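Here is a quick tour for anyone opening this one for the first time. Have a look at the sequence and the fold, then read on.

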Amino acid sequence: GKYVGRRYATDTNDYRIPTYFTANADITYDLGQLGWEGAYIKFNAMNLFDEKYFSSVQTTRPCFTPRAASSVSGCTSYPALVVGFPQTFDVTLRTVF
């Protein structure tokens, strides 16, 4: 499992991202017990509880300088958020030839 607490998303600390908890699980079965030496099957579950979250938070600072007044510039910051991994299940079969 992974827990991430609230964190700020801007340079001015005026916007917060909420906490989240994600859990992953996997089970592996050794197929050698069935006569397939060196083989296994693996079941994976990512984001088991289908939590909606932002996995990455950063601040971007677009700046501009107007052509008419080259000594004046404006900068601001706003959060750039990346949506977290959705609930996903997969199966892996490994064999040795």
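Among the contacts in the protein between residues at least 6 apart in sequence, 52% join residues at least 24 apart. Keep in mind that this is a predicted model.

Read from the N terminus on, the elements simply go β-β-β-β-β-β-β-β-β-β-β.

Of the 97 residues in the protein, 19% are buried. The protein exposes about 7300 Å², and carbon and sulfur atoms supply 56% of that area.

Let's zoom in on a few residues. The table puts their accessibility side by side.

| Residue | Relative accessible area | Class |
|---|---|---|
| Thr 10 | 9% | buried |
| Asp 50 | 31% | partly exposed |
| Phe 21 | 40% | partly exposed |
| Lys 52 | 64% | exposed |

Start with Thr 10. Where does Thr 10 sit? Its place is in the loop between β2 (7-8) and β3 (16-17). Is Thr 10 buried or exposed? Thr 10 counts as buried because its relative accessible area is 9%, and buried means under 20%. Its side chain makes a polar contact with the side chain of Asp 14, at 2.5 Å. Leaving aside residues up to four places away in sequence, Thr 10 touches Tyr 15, Thr 59 and Pro 79.

Next comes Phe 21, which is found in strand β4 (residues 20-22). With a relative accessibility of 40%, Phe 21 is partly exposed. Phe 21 also belongs to a nonpolar patch on the surface, together with Tyr 3, Leu 48, Phe 49 and Phe 89. Together these residues have about 580 Å² of accessible area.

Finally, the charged side chains. How many salt bridges does a search of the whole structure find? It finds one. Which side chains meet in a salt bridge? Those of Asp 50 and Lys 52 do, at 3.1 Å from N to O. The two partners fall into separate classes: Asp 50 is partly exposed, with a relative accessible area of 31%, whereas Lys 52 is exposed, at 64%. Lys 52 lands in the exposed class because its 64% is over 50%.

Definitions and conventions:
Residues are numbered from 1 along each chain as its sequence is written. This is a predicted model: local features need pLDDT of at least 70, side-chain atom pairs count only at pLDDT 80 or more; totals for chains, interfaces and linings use all residues. Side-chain values use heavy atoms; hydrogens and water are left out. Patches are made of residues with over 30% relative accessible area and no salt bridge: like charges are joined within 9 Å, nonpolar side chains (Val, Leu, Ile, Met, Phe, Trp, Tyr) within 5 Å. Accessible areas come from the Shrake-Rupley method with a 1.4 Å probe; for residues, only the protein chains shown count as cover. A salt bridge is a side-chain nitrogen of Lys or Arg within 4 Å of a carboxyl oxygen of Asp or Glu. Helices (H or I, at least four residues) and strands (E, at least two) are DSSP runs, numbered from the N terminus. Buried means under 20% relative accessible area, exposed over 50%, partly exposed in between (1.4 Å probe, protein chains only). A polar contact is a pair of N or O atoms within 3.5 Å; within protein, one must be able to donate a hydrogen and the other to accept it, and residues adjacent in sequence count only if both atoms are side-chain atoms. Contact means heavy atoms within 4.5 Å.
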